[in-house]
Amino acid sequence: MPVTVICVGKLRERFFADAAAEYLKRLRRLMPVTVVEVPDEPEPAQPGEAQNEMALRREGERILARLSDRDHVIALCVDARQYESPELAARLDGLFTQGKSHIVFVIGGSLGLHPSVLRRADERMSMSRMTFPHQLARVMLLEQLFRAAKINAGERYHK
């Protein structure tokens, strides 16, 4: 039941990197998880619709190149279904029970995800209706995956 988290961009701030590393360390005791970073596009000096579309398309191509046909892809989007932690745990358990052998979560960059990535996704998930920096979204997702893995293992996790 491996899980991969594909992220656009690197964690540049040390506090995000430290938090992500800590949750990865904890999570890997319970399930195999890999984080894949794809390069983000530099923000254009004069951002416009065409420049944003080009950046999103390039980032989307990099994401799609990392996916296989067998992957069950969950795209993180603001306008998607939100799960409570026990619901996420049950959803992951259900996917593994259904034979989905590899689950991939995708976190876009500062501009979001290209429509081609959203079309490829099997489902969409939202962390919140609020907007968070994509670096924080990575930390939050890793924490929630850790929480879900603890719940599925029958272990206690603080509320």
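The model is predicted, so local features need pLDDT of at least 70 and side-chain atom pairs count only at pLDDT 80 or more, while totals for chains, interfaces and linings use all residues. Residues are numbered from 1 along each chain as its sequence is written, and side-chain values use heavy atoms, without hydrogens and water.

Is Y157 buried or exposed? With a relative accessible area of 19%, Y157 is buried, because buried means under 20% relative accessible area, exposed over 50% and partly exposed in between (1.4 Å probe, protein chains only). Apart from neighbours within four places in sequence, Y157 is in contact (heavy atoms within 4.5 Å) with Y23, E143, F146, R147 and K150.

The largest pocket holds about 430 Å³ of space. Among its 22 lining residues, L76, C77, V78, G112 and F132 are the closest to its centre. Strand 3 (72–82), strand 5 (123–126) and helix 5 each give two or more residues to this lining, and strand 3 supplies the largest share, four residues. A pocket is an open set of points on a 1 Å grid over the protein atoms alone, where a 1.4 Å probe fits, with protein on both sides within 12 Å along at least five of seven lines; lining residues have an atom within 4 Å of a point. Grid points are joined across faces, edges and corners, and a volume is the space filled by probe spheres set on the points.

The second largest pocket has a volume of about 180 Å³. Helix 2 (residues 49–65) provides the largest share of its lining, three residues.
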